[in-house]
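The tour below goes from one selection to the next.

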Amino acid sequence: ATPDVAVLKLEPEHHGFAFVCRELYESIGKSVAVSTVFRRSAGRPRMAAGTLVDAAVQWLGQVQKDASLASVVAFVEQRPAVPPAEGVVVGTGTSSSSHCGAGSTAGPAVKR
């Protein structure tokens, strides 16, 4: 299988991103379901990734051994640009989590 590849630029209004395998994405309702889970799990990537996989397992009923259900979720903390004091390193905080499977498809960057 050939993966879908998308290059996205995170803008200040984006709060994170999700990589979701095609089988999971299609089984749970595509972008509407992914963005709903993303919003409800704001700041909790492990919960978001697990919820996506759990939703697919529930929808499919029984998961075959060759099923590929995977999700990787990352939330990005945006901080306003403030000139740092001399010698202070300022960065952007991130948190991410992933749940089992192989072969992922880049999902849409999610805006709040």
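This is a predicted model: local features need pLDDT of at least 70, side-chain atom pairs count only at pLDDT 80 or more; totals for chains, interfaces and linings use all residues.

A pair of aromatic rings is described by the distance of the centres and the angle of the planes.

Select Phe17 and Phe19. Their ring centres are 5.3 Å apart and their planes stand at 70°; planes over 60 degrees apart count as edge-to-face, so this pair is edge-to-face. Colour the two residues by accessibility next. Phe17 is partly exposed, at a relative accessible area of 25%, and Phe19 is also partly exposed, at 34%.

Now select Phe38 and Phe75. Here the ring centres lie 4.5 Å apart with the planes at 35°, so the pair is tilted. Where do Phe38 and Phe75 lie? Phe38 belongs to helix α2 (residues 30-40) and Phe75 to strand β2 (residues 71-76), so the pair ties together parts that are 37 residues apart in sequence. Both Phe38 and Phe75 are buried.

Stay with β2 and select the whole strand. How many of the six residues of β2 are buried? Five are, so β2 is largely enclosed by the rest of the structure.

β1 and β2 run antiparallel and are joined by five bridges.

Methods. Residues are numbered from 1 along each chain as its sequence is written. Side-chain values use heavy atoms; hydrogens and water are left out. Rings of Phe, Tyr and Trp (its six-membered ring) pair if their centres lie within 6.5 Å; planes under 30 degrees apart count as stacked, over 60 as edge-to-face and the rest as tilted. Buried means under 20% relative accessible area, exposed over 50%, partly exposed in between (1.4 Å probe, protein chains only). Helices (H or I, at least four residues) and strands (E, at least two) are DSSP runs, numbered from the N terminus. Two strands pair if DSSP finds at least two bridges between them.
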